[in-house]
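Please read the following points alongside the sequence and the model.

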Amino acid sequence: MKKNLNYLPKQYKKNNKLKINHSYLIEQFSDYKKIFKNIEKVIKKGDYTQGKEVNKFEKNLAKRTGAKFAISVGNGTDALFLALKALGIGKNDEVITTPFTFIATIGAIVTAGAKPVFVDIKDDYNIDEKKIRFAITKKTKAIMPVHWGGRPCELHKIKFIAKKYNLKVIQDSCHAIDAKLNNRHLISYGDICTYSMHPLKNLNVWGDGGFIITQNSKLAKKLYLIKNHGLINRDTCKIFGFNSRLDTIQAVVANYKIKNKLNNITFKRIKNANLFDKLLKKNSNVLTIKRSSNLKEVFHLYQINVKKRDKLKKYLIKNNVDAKVHYPIPIHLQPAAKFLKYKKGDFPNAERIAKTTLSLPVHEFIEKRDIYYTAGLINKFYKSN
């Protein structure tokens, strides 16, 4: 192979040149030697797969999320895929979801054998629950809302629809660790919540990782089976399953983060987002999401809708601010989605937001002066443009 198809190294190198960056991993794990001490214990025991730290992690997560059961898996995409499989959703079934999400949401539905059916989004980037009922058919088996950027969907309304039509609710909560609705954990509103621990998530590890939570013991037992080849012990396979185990070493990292850092991560992101809101609210060229007192948003992403988006993005990058677009192409217009036969104009709000959205660094290592500097650049840009 003449050309290496891994595009990420060049992207990392390019991003790291900026002073105010979306990536914060070097700072976040600057105390890595403390984690090394715990990893050393794993190495001495040879406890690499399905180890004690994994059990500890699952107990920590169940307590943190208000769930009866937490099942660790290899990554967030597997969490979605295995949730679908555990609920028996596959060939000839339909799953209602949003066209404004990361590829993984839809990829999990398709690889499970089901068909994604899209519903447009609202101005807060989340699925428009008022339009869900119009997408329901005899083939519909589940609704998969995405808590975009860490902002909870209107789950109480979605749950009502699901109950009326006998549908399952699988929450893509990959952005939403610690998020709440009406001071209740997200699992209170659905059958399953799925999470990612990709390095750039709020709760992250040194590679890929994910987990699923549920209140249903039957679902939990099935998930434990299918994520580990369907094995009930070393020698007996009850059903044929998959290999999606969280490495013990990654569980060590996650446990350290939960105990020592996650509270501060959540607190700082909320604080930083509130300051951005305050500094940008008077700019008529910038639309921030209207906040609701009944939501606990955790700001995996801080996003604004702006005029002259691409020009502003270049201006911010030129001035050392790592502005990004999440994401410029809604899923129904992606090449991979051609078989679904959607066309431009089918989901106008998602398409409009895809052209105007801009993400600003909001993580816990962004200083107050950085937020003032970034907001100042944005306000200055529109005065001169």
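**Notes on the model**

1. R151 is buried, with a relative accessible area of 6% (buried means under 20% relative accessible area, exposed over 50% and partly exposed in between, with a 1.4 Å probe and protein chains only). The model is predicted, so local features need pLDDT of at least 70 and side-chain atom pairs count only at pLDDT 80 or more, while totals for chains, interfaces and linings use all residues. Residues are numbered from 1 along each chain as its sequence is written, and side-chain values use heavy atoms, with hydrogens and water left out.

2. The side chain of R151 forms a salt bridge with that of D124, at 3.0 Å from N to O (a salt bridge is a side-chain nitrogen of Lys or Arg within 4 Å of a carboxyl oxygen of Asp or Glu). This pair links distant parts of the chain, 27 residues apart: D124 lies in the loop between β3 (115-118) and β4 (140-143), and R151 in the loop between β4 and α7 (155-164). Helices (H or I, at least four residues) and strands (E, at least two) are DSSP runs, numbered from the N terminus. D124 is also buried, with a relative accessible area of 11%. Both residues belong to a network of salt bridges that links D124, R151, D277, R291 and E297.

3. Across the whole structure, a search finds 17 salt bridges. One of the pairs joins the side chains of K44 and E40, at 3.6 Å from N to O. Both residues lie in helix α3 (residues 32-45), four residues apart, about one turn of the helix. An α-helix has 3.6 residues a turn, so residues three or four places apart point the same way. K44 is exposed, with a relative accessible area of 67%, and E40 is partly exposed, at 41%.

4. A further salt bridge is formed by the side chains of K343 and D346, at 3.2 Å from N to O. K343 is exposed, with a relative accessible area of 55%, whereas D346 is partly exposed at 27% relative accessibility.

5. Which residues of helix α6 (residues 103-111) are buried? They are A104, T105, I106, A108 and I109. The buried residues of α6 pack against α5, β2 (94-97), β3 and β5 (168-172), where contact means heavy atoms within 4.5 Å. Just after α6, G113 takes a positive phi of about 100 degrees.

6. The axes of α5 and α6 come within 9 Å and cross at roughly 35 degrees. Axes are lines fitted to C-alpha atoms, for helices over the stretch in contact, and angles run from 0 to 180 degrees between N-to-C directions. T77, L80, F81 and L84 of α5 meet A104, T105, A108, I109 and T111 of α6. By class, this contact has six nonpolar, three polar and no charged residues (Ala, Val, Leu, Ile, Met, Phe, Trp, Tyr, Cys and Pro count as nonpolar, Asp, Glu, Lys and Arg as charged, and the others, Gly among them, as polar).

7. Helix α5 (residues 76-86) also meets helix α8 (residues 217-226): their axes come within 10 Å and cross at roughly 120 degrees. The two helices are therefore oblique to each other (angles under 35 degrees count as roughly parallel, over 145 as roughly antiparallel, 65 to 115 as roughly perpendicular and the rest as oblique). This crossing is right-handed. The contact is made by L82, A83, K85 and A86 of α5 and L219, K222, L223 and I226 of α8; these divide into six nonpolar, no polar and two charged residues.

8. For helix α11 (residues 309-318) and helix α13 (residues 368-384), the axes come within 10 Å and cross at roughly 130 degrees, which makes α11 oblique to α13. This crossing is right-handed. K311, L312, Y315 and L316 of α11 contact T374, L377, I378, K380, F381 and Y382 of α13.

9. A cis peptide bond joins H326 and Y327, with omega about 0 degrees; Y327 is in the loop between α11 and α12 (348-356). N166, not a glycine, has a positive phi of about 60 degrees and is exposed, with a relative accessible area of 70%.

Note on methods. Left-handed = near helix turned anticlockwise from the far one by under 90°.
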